[in-house]
Amino acid sequence: TISLFATKISIFHINDTHGHAWAFSEYHNPNIGGFAVIASIIDEERAKNPNVLFLHAGDINTGVPESDLLNALPDIFALNRMKLDAVAVGNHEFDKSRDVLMYQMSIAKFPFLSANIYKDGKPFFTPYIIKNVGGIKVAIFGLTTEETAILEPLFSKDLEFKNAVEVAKQLVPELRKKADIVIALTHLGMGQAYEGNYTTSEELAKEVNGIDIIIDGHSHTKLNEAKVINNTILIQAWEWGKIVGKLDLDVENGKIKEWSWTPIPVNLKIYKGKDENGNSMYEFVGKEYKPAEYVKVPLDYFAKIGSKKLDTVIGETKVLLDGERKHVRSGDTNLGHLITDAMMWKTGADIAFQNGGGIRASIKPGKITIRNILTVLPFGNTVYVMKMKGSEVIKVLEYAAKLPEGKGAWLHVGGLTFKSENGKVTEVMVNGKTLEMDKVYTVVTNNYMASGGDGYSMLAENKASGYDTGFVLADVVVEYIQKGLNGLIEKYDDTPRYIRK
Ligand code: ATP
Ligand code: ZN
């Protein structure tokens with residue numbers, strides 16, 4: 001039969017929300033985003049047209065203390081209420097243990113999709129779903145970056161991350177037979193930053209025929225317009241729910257006849273200076289949206305559960321404790337020192353290692369709260385102690401000396417200082433004495449690095465010589481500030497412990 005009128009379908013999408021279920025502030029831009037506002041934006045369309053899909057391209061987890069504290073339960077509860085149709089499995093869905101992920105999946109009323117993650121030869125997650133949207137059959141399949149095996153070694157060891165292109169080449173022809181429209185919901189990432197041996201969403205579009213739409217995440221890419229590669233529409237919605245993407249389709253005879261894509265700003269504003277009373281003035285980018293109460297009320301309740309703990313003051317700092325992304329991925333900072341020192345203080349180890357990428361924020365001068373510490377250290381890492389010969393320790397430093405600036409793997413050390421020239425380690429001092437190759441040292445690090453995270457395979461190789469203390473790194477830092485530093489930081493050692501020439 002030939003339909004006289006096209007079916008209109010609107011697909012809303014977000015990605016990399018990382019705990020930002022609540023509205024949040026950025027410099028000169030208060031009250032941005034929030035799932036309750038996104039709900040209003042989607043509901044506005046739903047009131048006009050029932051043919052709406054709402055998709056999340058992965059990384060619900062990790063980034064806001066109120067969410068992290070409750071294992072992203074608030075986010076998932078809100079997404080249930082917003083009738084999310086599906087999420088792609090993101091690499092950060094493996095930040096916490098498998099039990100946590102299984103629990104999240106059990107409370108979610110939407111599937112976690114990934115067609116390329118296997119366990120014991122079988123897909124571990126739901127590979128795809130097929131939805132009937134106003135009589136149109138829409139297939140949605142998930143793909144997860146193969147990089148997850150490297151980025152998240154802790155809780156993904158038993159899983160196989162198959163090549164996304166190969167999996168899609170098998171699956172797409174099968175889906176084409178079952179559905180009118182085929183959507184890849186991918187946590188792959190686009191652009192140069194994600195080059196390497198991992199499939200980008202652009203490559204997927206180029207290599208695999210028959211995908212109508214790729215809705216992507218992972219690279220936090222801000223697009224002004226959709227890309228079209230090999231007849232595939234490719235879109236991504238920046239990060240943290242700052243925008244929600246809206247793809248409008250006109251479908252005729254089961255085919256996309258026309259389409260348009262709009263990135264909708266979620267209460268983003270432009271700062272316009274101060275008025276005569278000293279109040280900041282803003283101009284909204286696009287429309288101002290009110291939050292939907294049915295999402296806001298439960299989220300506010302969840303925030304309250306955490307706030308008593310998070311607002312607890314644990315000390316004060318007179319100086320900025322520097323966790324700026326650029327700084328901790330290219331050199332030493334006082335905050336890196338404080339974290340490594342805290343690990344040694346707690347465990348009595350000789351040497352401490354911490355990855356710069358695990359340090360996610362600075363702490364401004366003033367009162368320090370638990371929220372501050374959890375913002376710096378959101379991953380829930382535990383503290384791992386192991387024995388290593390000097391000859392093994394030097395392998396860690398040699399690896400670090402070869403890292404380009406900007407990598408999350410950038411090494412922060414405690415208990416030792418070292419120098420390198422042209423990528424070669426030239427001097428290593430442990431507690432003021434030259435490192436001895438045959439001596440056995442006690443080394444403390446976080447469980448991420450101990451599992452070989454950020455490429456520290458030489459730590460993973462020594463793992464059996466030690467044990468996970470079970471101490472949560474963030475708690476250890478809190479305790480160190482309270483007891484080790486008596487709650488007051490006048491200044492913290494910022495003499496470089498690593499000098500590179
Ligand atoms: P995306 O949200 O797109 O997945 P990402 O967190 O993967 O972003 P980056 O912001 O570049 O990307 O951070 C990656 C770095 O974060 C890693 O190189 C590592 O240093 C650090 N990291 C990631 N997961 C953990 C973890 N579980 N524990 C400690 N550090 C981690
Ligand atoms: Zn990601």
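Begin by selecting Leu485, which, leaving aside its neighbours within four places in sequence, is in contact with Leu338, Tyr480 and Tyr492, where contact means heavy atoms within 4.5 Å. Leu485 lies in the loop between helix H15 (473-484) and strand E30 (488-489); helices (H or I, at least four residues) and strands (E, at least two) are DSSP runs, numbered from the N terminus. Because its relative accessibility is 19%, Leu485 counts as buried, a word that here means under 20% relative accessible area, with exposed meaning over 50% and partly exposed in between (1.4 Å probe, protein chains only). If you also select Gly315, you will find that Leu485 and Gly315 are 170 residues apart in sequence and 8.9 Å apart in space, C-alpha to C-alpha.

Before going further, note that this is a predicted model, in which local features need pLDDT of at least 70 and side-chain atom pairs count only at pLDDT 80 or more, while totals for chains, interfaces and linings use all residues. Residues are numbered from 1 along each chain as its sequence is written, chains are lettered from A and ligands numbered from 1 in the order in which they are written, and side-chain values use heavy atoms, with hydrogens and water left out.

Next, select the zinc ion (ligand 2). Which protein atoms are its donors? They are Asp59 (OD), Asn91 (OD1), His187 (NE2) and His218 (ND1), lying 2.2 to 2.3 Å from the ion; donors are N, O and S atoms within 2.8 Å of the metal (3.2 Å for Na, K and Ca), and water is not among the atoms, so sites may look incomplete. Along the chain, the donors of the zinc ion (ligand 2) follow the spacing D-x31-N-x95-H-x30-H. Two of them link distant parts of the chain, for Asp59 sits in the loop between strand E4 (52-56) and helix H2 (65-68), whereas His187 belongs to strand E12 (residues 181-187), 128 residues apart. Both Asp59 and His187 are buried.

Now select helix H3 (residues 73-81) together with helix H8 (residues 293-310), which pack at an angle of about 165 degrees with their axes 10 Å apart. The axes are lines fitted to C-alpha atoms, for helices over the stretch in contact, and angles run from 0 to 180 degrees between N-to-C directions. This angle makes H3 roughly antiparallel to H8, given that angles under 35 degrees count as roughly parallel, over 145 as roughly antiparallel, 65 to 115 as roughly perpendicular and the rest as oblique. Show the side chains where the two helices meet: Leu73, Pro74, Phe77, Ala78 and Arg81 come from H3, and Tyr294, Val295, Pro298, Leu299 and Phe302 come from H8.

Stay on H3 and ask how much of this helix is buried. Seven of its nine residues are, so H3 is largely enclosed by the rest of the structure; the buried residues are Leu73, Pro74, Asp75, Ile76, Ala78, Leu79 and Asn80. Just after H3, Lys83 takes a positive phi of about 55 degrees.

Phe35, Ala36, Ala39 and Asp43 in H1 meet Tyr294, Val295, Lys296 and Leu299 in H8.

The last two stops are single residues. Lys178, found in helix H6 (residues 164-178), is partly exposed, with a relative accessible area of 36%, and touches Tyr128, Ile130 and Lys137, not counting residues up to four places away in sequence. Finally, select Ser280 in strand E19 (residues 280-284), which counts as partly exposed at 30% relative accessibility. Ser280 and His28 are 252 residues apart in sequence and 8.4 Å apart in space, C-alpha to C-alpha.
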